[in-house]
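This briefing goes through one protein model by topic. Please look at the sequence and the structure first, then read the points below.

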Amino acid sequence: QVQLVESGGGLVQAGGSLRLSCTASGSIFTVNSMGWYRQAPGKQRELVAVITASGNKKYADSVKGRFPITRDNAKNTVYLQMDSLKPEDTAVYYCNAEAVPVGGYGTRSQYWGQGTQVTVSS
């Protein structure tokens, strides 16, 4: 089984910073893309940032230049450095990974963390 564990959420003032971490563990053959999604109250879950195994990155327009995403392939860990936080960034942030589990016969699956709350006060 593949599990994702997130950390780093919390309460900060506008303009502050947080760094989210997510580590994939379990019987993993390979991890492909890893990324972060967020869901605010009353809104759909949306992509924040994603990074491929080769290091290519994609960002939502609303966070470009503020939320660099990085990863450590050896640790199966993805990071989201959130700078210049705004109240509209308040949401539950979910880690996502596309991975092939051991014994999965090469089949890729999507995995999700439990989510971590980020609250930005004005």
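Predicted model: local features only at pLDDT ≥ 70, side-chain atom pairs only at ≥ 80, totals over all residues.

**An open sheet and other local features**

Four strands make up an open sheet, in the order 1-3-8-7, and their pairing is antiparallel. Residues are numbered from 1 along each chain as its sequence is written, and side-chain values use heavy atoms, with hydrogens and water left out.

**The sheet**

- Strands of a sheet pair through backbone hydrogen bonds, either parallel or antiparallel.
- Two strands count as paired if DSSP finds at least two bridges between them.
- Strand 7 and strand 8 (residues 77-82) run antiparallel and are joined by 4 bridges.
- Thr70 has Tyr79 of strand 8 as its bridge partner.

**Two loop residues with positive phi**

- Asn76 is located in the loop between strand 7 and strand 8.
- The phi of Asn76 is positive, at about 50 degrees, although Asn76 is not a glycine.
- Tyr105 is located in the loop between strand 9 (91-101) and strand 10 (109-112).
- Tyr105 also is not a glycine, and its phi is positive, near 60 degrees.
- Is Tyr105 buried or exposed? Tyr105 counts as exposed because its relative accessibility is 82%; the cut-offs are under 20% relative accessible area for buried and over 50% for exposed, with partly exposed in between (1.4 Å probe, protein chains only).

- Thr116 belongs to strand 11 (residues 116-121).
- Thr116 has a relative accessible area of 12%, so it is buried.
- Leaving aside neighbours within four places in sequence, Thr116 is in contact (heavy atoms within 4.5 Å) with Glu6, Gly9, Leu20, Ala91, Val92 and Tyr93.
- A polar atom of the Thr116 side chain lies 3.4 Å from the backbone nitrogen of Gly9.

**Salt bridges**

- Side chains of opposite charge can pair when their charged atoms come close.
- The whole structure has 5 salt bridges, each a side-chain nitrogen of Lys or Arg within 4 Å of a carboxyl oxygen of Asp or Glu.
- One of them joins the side chains of Arg38 and Asp89, at 3.0 Å from N to O.
- This pair links distant parts of the chain, 51 residues apart: Arg38 is in strand 4 (residues 28-39) and Asp89 in the loop between strand 8 and strand 9.
- Both Arg38 and Asp89 are buried.
- Lys64 and Asp61 form another salt bridge, with their closest N and O atoms 3.2 Å apart; Lys64 and Asp61 are both exposed.
- Asp89 also forms a salt bridge with Arg66, where the closest N and O atoms are 2.8 Å apart.
- Arg66 lies in the loop between strand 6 (57-59) and strand 7, and Asp89 in the loop between strand 8 and strand 9, so the pair ties together parts 23 residues apart in sequence.
- Asp89 counts as buried because its relative accessibility is 0%, and Arg66 counts as buried because its value is 10%.
- Through shared partners, salt bridges join Arg38, Glu46, Arg66 and Asp89 into one network.

Terms used
Polar contact = N/O pair within 3.5 Å; in protein donor to acceptor, adjacent residues only side chain to side chain.
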